[in-house]
Amino acid sequence: MVGFVAAIAVELSKGEDVFAQISNGGIPWFLLTTGVLSVASLIPLSSGVSVESRSKPFWSSDAELLNGRFAMLGLVALALTEYVKGGTLV
């Protein structure tokens with residue numbers, strides 16, 4: 001979800017498509033962000049807190065899973081659209 005929002009934000013601010021973002025140093029930022037968010041999500045689990053115990057009706061673990069899947073589809077659709085179009089989406 002963070003990757004999709006970041007890709008759109010960079011595209012709007014700098015006018016770079018997803019492939020240009022990746023080739024201009026996006027891989028190290030991706031790896032750093034992935035590592036930080038992975039560690040941050042494991043900290044509550046190491047304290048014995050389960051995802052289901054913290055879920056509310058609106059912010060449930062199922063809703064997070066669905067939002068993540070839509071964000072992945074959005075990122076792939078953005079990259080595919082920019083590839084076919086030959087430039088940025090906006």
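**View 1. Ile22, a partly exposed residue of helix α2****.** In this predicted model, Ile22 has a relative accessibility of 43%, so it counts as partly exposed. You'll find Ile22 in helix α2.

**View 2. Gln21, a buried residue in helix α2****.** Gln21 has a relative accessible area of 14%, and because buried means under 20%, that's the label it gets. So who does Gln21 touch, leaving aside residues up to four places away in sequence? The list is Ala6, Ala7, Val10, Glu11, Glu16 and Gly26.

**View 3. A nonpolar patch on the surface****.** Two elements each give two or more residues to the patch, namely α2 (18-46) and α4 (61-85). Helix α2 gives the most, with five residues.

**View 4. Phe19 and Tyr83, an aromatic pair****.** The count of aromatic pairs comes to one. Its ring centres, in Phe19 and Tyr83, sit 6.3 Å apart with the planes at 70°, so this pair is edge-to-face. The pair links distant parts of the chain, since Phe19 is in helix α2 and Tyr83 is in helix α4, 64 residues apart. How exposed are the two partners? Phe19 is partly exposed, at 42% relative accessibility, while Tyr83 is exposed, with a relative accessible area of 62%.

Conventions: Residues numbered from 1 in each chain as written. Predicted model: local features only at pLDDT ≥ 70, side-chain atom pairs only at ≥ 80, totals over all residues. Heavy atoms only, no water. Patch = residues over 30% accessible without salt bridge, like charges linked within 9 Å, V, L, I, M, F, W, Y side chains within 5 Å. Areas by Shrake-Rupley, 256 points an atom, 1.4 Å probe, with all protein chains shown as cover. Salt bridge = Lys/Arg side-chain N within 4 Å of Asp/Glu carboxyl O. Helix = DSSP H or I, 4+ residues; strand = E, 2+ residues; numbered from the N terminus. Buried < 20%, exposed > 50% of the residue type's maximum accessible area, 1.4 Å probe, protein only. Contact = heavy atoms within 4.5 Å. Phe/Tyr/Trp six-rings, centres within 6.5 Å; stacked < 30°, edge-to-face > 60°.
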